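Subject: Structure handover

Hello,

Here is the structure I said I would pass on. Please look through it first; my notes on what was found follow below.

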Amino acid sequence: MIEFARLWAFAAVPLPIVAWLLLPPLRERGALIVPASIWHVLARLSKHEGTRAIPRPPLFVLRTVGWLALVFALAGPLQRGAPLIQPTGRDLMIAVDISASMAEIDTEAGDTRRIDQVRELLETFIVGRAGDRIGLIGFAEDAHLISPLTFDIRAVAEMLNEMSVGLAGRRTDLGQAIGLAIKALRDEASSDRVLVVISDGETNLGDLSAFDAATLAASHNILIHTIGFARNIAEEDAAQLAEIAERTGGRFFQAVDPTLLDEIYAEIDRLVAIERPDNQPRLIQDLTWFPLSLALAVLSLLAWREWRTS
């Protein structure tokens, strides 16, 4: 949709008519009457006789088009494009459990593996975080940085497909995953650093305990939210995830099916809210060049016509 930066410029449209009505007419220029016989001789001498006449639009039409083009250029036509993404100043790291237990199928959730359910709903969550810097970690026996912190949330969402069960081993080391997230977040200047851990809660490996890692995260002002995703998550596993979140001031969520996981993401969106201004700035395409070019073309044509007739 085309908008105008200076709508008041259209008040100048009737100015030529006002000038024609109010200003006195110019005196006619004197002209020398040349007999037809002499005119033909002059035409032959100037080699204009027999040349094809170039059709000329009426002066009134040309002047009208030129004036309107100038008015449109003065009005500043523009077109607003996609909204500009404004950084929120928040760094969000997401750690996803890709151990062997995430390949299990919960019957209440259908015939889909846990990791596939998480991947599908997590993609929607990531795409909705425009303005955040988001990173992605896949962990099992080892923790791997799948995507560093970036504003390119579409790329992060696509990297979800790179996380496959067994890529980082079969067992689970939650403490190493938190440690890797701390390493990625601690040196960032962001005042709001958040880690979201998604796991079925089974932790059976690691030199750095998940509790010690959570305490270290709290010392770096990193907030951890944990999501226990399994239909039959063990009570001690749920308690461990809750304790990890509590040590940093975060929250623990338990999802027994994909529907609850979707609701949990909505709750995290509320806790880690993205502030969007009412009048979000957008890319602006200036279209002034088009009417201005038309006006210059008309002016050139009028000047050429005057030169031809002089």
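**Notes on the model**

Arg80 sits in strand β2, which covers residues 77-83. The model is a predicted one. With a relative accessibility of 41%, Arg80 falls in the partly exposed class.

For the chain overall, the secondary structure consists of 10 helices and nine strands. The chain has 310 residues, of which 37% are buried. Among contacts with a separation of 6 or more, 81% are between residues 24 or more positions apart.

**Salt bridges**

The count of salt bridges is five. Three of them are described here, starting with Asp132 and Arg90.

The side chains of Asp132 and Arg90 form a salt bridge with an N to O distance of 3.0 Å. Asp132 is in the loop between α4 (114-127) and β4 (133-139), while Arg90 is in strand β3 (residues 90-97), so that the pair joins distant parts of the chain, 42 residues apart. Are these two residues buried or exposed? Asp132 has a relative accessibility of 0% and therefore counts as buried. Arg90, with a relative accessible area of 9%, is buried as well, because the limit for that class is under 20%.

Asp91 and Arg133 make another salt bridge through their side chains, at 2.9 Å from N to O. Because Asp91 belongs to strand β3 and Arg133 to strand β4, this pair ties together parts that are 42 residues apart in sequence. Asp91 is buried, at 2% relative accessibility.

The salt bridge between Asp116 and Arg119 has its closest N and O atoms 2.8 Å apart. Both residues are in helix α4, with a spacing of three residues, or about one turn of the helix. Asp116 is partly exposed at 25% relative accessibility, whereas Arg119 is buried at 15%.

**Packing of α3 and α10**

Two packed helices are described by the angle between their axes and the distance between the axes. Helix α3 (residues 59-75) packs with helix α10 (residues 289-309) at about 150°, and the axes are 8 Å apart. Why does α3 count as roughly antiparallel to α10? The reason is the angle: values over 145 degrees are classed as roughly antiparallel, so α3 and α10 fall in that class. The crossing of α3 past α10 is left-handed.

On the α3 side, the contact is made by Leu59, Leu62, Arg63, Val65, Gly66, Ala69, Leu70, Phe72 and Ala73. On the α10 side, Pro291, Leu292, Leu294, Ala295, Val298, Leu301, Leu302 and Arg305 take part. By type, the residues of this contact comprise 14 nonpolar, one polar and two charged.

**A positive phi at Asn221**

Asn221 has a phi near 60°, which is a positive value in a residue other than glycine. Most residues other than glycine have a negative phi. Where is Asn221 found? It is in the loop between α7 (210-219) and β7 (222-229). Asn221 counts as exposed because its relative accessibility is 60% and the class begins over 50%.

Regards

Key:
Residues are numbered from 1 along each chain as its sequence is written. This is a predicted model: local features need pLDDT of at least 70, side-chain atom pairs count only at pLDDT 80 or more; totals for chains, interfaces and linings use all residues. Side-chain values use heavy atoms; hydrogens and water are left out. Helices (H or I, at least four residues) and strands (E, at least two) are DSSP runs, numbered from the N terminus. Buried means under 20% relative accessible area, exposed over 50%, partly exposed in between (1.4 Å probe, protein chains only). Axes are lines fitted to C-alpha atoms, for helices over the stretch in contact, and angles run from 0 to 180 degrees between N-to-C directions. Angles under 35 degrees count as roughly parallel, over 145 as roughly antiparallel, 65 to 115 as roughly perpendicular and the rest as oblique. A crossing is left-handed if the near helix is turned anticlockwise from the far one by less than a right angle, and right-handed if clockwise. Contact means heavy atoms within 4.5 Å. Ala, Val, Leu, Ile, Met, Phe, Trp, Tyr, Cys and Pro count as nonpolar, Asp, Glu, Lys and Arg as charged, and the others, Gly among them, as polar. A salt bridge is a side-chain nitrogen of Lys or Arg within 4 Å of a carboxyl oxygen of Asp or Glu.
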